[in-house]
Amino acid sequence: MAASFVVSPEVSEALASETPVVALESTIFTHGLPRPRNLEVALEGEEIVRRAGAVPATIGVFEGVATVGLTTDQIAALSRDDKAMKAGVRELCVAAVHGRSAGTTIAATAFCARKAGIDVFATGGLGGVHHGAAQTFDESADLFALAQTSIVLISSGAKAILDIGATLERFESLSVPVVGYRTDRYPGFYVPDSGHPVNARVETPEQIARLLRVHRELGAPSGVLIANPIPDAAALDPVELDHVVRLAWADAERDGIAGQAATPYLLDYIRRATGGRSLDANVALYRNNVALAAEVAAVLVAS
């Protein structure tokens, strides 16, 4: 029987030798960014990790095999694949049975990363509770995956299209620590402040690493969510963003867009409405998160 899950030799060797490893998701380049920027950003993320002395583990499904540590050729192929699935944890077995390739969501990436023994994962924006979820029950599996996956996840807040207040309430219900990195405010993806506070903050990668260690020592099953704001210079204007998001939701409802199709539709709308500035902001915050993740991974293996 063919393998359904593999860890690349480079990542396996890094983990065995206690070299820092950073998990990176693949939906950012299969579904999140336009071509050719998607491939450029995917490879740049890996390079940021390598320059910091760590090993990148880009995770995705290639021809049915959930792979921790995609090769450059595999990343390039996925970035061009119009038929690539968007795979959460529940879709991994479906992709395997049908030999399909897929970008892995935060939920599936965290699941695969932890299965391989990786402690740190960098992403851009997190999934969360959608507007109207009280009627539709539309909540991202990212929330529940983080509640049961012991990993440090570094993001710049939930995606701007989501109900941020409800998302934070759900994290509280799931006992997931949400901790600001050098901030008392929960980031709003494209903006440093979503309008909501966090009830804890840390100042250094060393403190982030200790959060995970203590959380595990206590026997808590969840991961630790680090809220790392977008750099001020790259942020969008909050008033403009709020207006554009409202228009994006109105068009999505008009066009009958829902479920997994909603996020890429809405983010593409925002990109076009801002003349591409939201894309630049997305890339800037992603770079920032990857760099921090590499620092945290280095501390974890050294301590």
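This is a predicted model: local features need pLDDT of at least 70, side-chain atom pairs count only at pLDDT 80 or more; totals for chains, interfaces and linings use all residues.

I checked what the buried residues of H11 pack against, and it is helix H12 (262-273).

Next I listed the buried positions in H11: Leu241, Val244, Val245, Ala248, Trp249, Asp251 and Ala252. They sit on the same side of H11, because they cover an arc of only 165 degrees around the axis. I then turned to the face pointing away from that buried side, and found the exposed residues Val239, Arg246, Glu253 and Arg254 there.

Then the ends. Asp237 caps the N-terminal end of H11, with a side-chain oxygen 3.2 Å from the backbone nitrogen of Val239. Just past H11, Gly256 has a positive phi of about 70 degrees.

Most residues other than glycine have a negative phi, and most peptide bonds are trans, so I went after exceptions.

- Arg35 and Pro36 are joined by a cis peptide bond, omega about -5 degrees. I placed Pro36 in the loop between H2 (27-32) and H3 (37-51).
- Ser175 has a positive phi near 60 degrees and lies in the loop between H9 (164-173) and strand E9 (178-181). I get 53% relative accessibility for Ser175, so it counts as exposed.
- Phe189 also has a positive phi, near 65 degrees, in the loop between strands E10 (185-186) and E11 (196-197). Buried or exposed? Phe189 is buried, at 1% relative accessible area.

Terms used:
Residues are numbered from 1 along each chain as its sequence is written. Side-chain values use heavy atoms; hydrogens and water are left out. Buried means under 20% relative accessible area, exposed over 50%, partly exposed in between (1.4 Å probe, protein chains only). Helices (H or I, at least four residues) and strands (E, at least two) are DSSP runs, numbered from the N terminus. The arc is that of the directions from the helix axis to the C-beta atoms. Contact means heavy atoms within 4.5 Å. A polar contact is a pair of N or O atoms within 3.5 Å; within protein, one must be able to donate a hydrogen and the other to accept it, and residues adjacent in sequence count only if both atoms are side-chain atoms.
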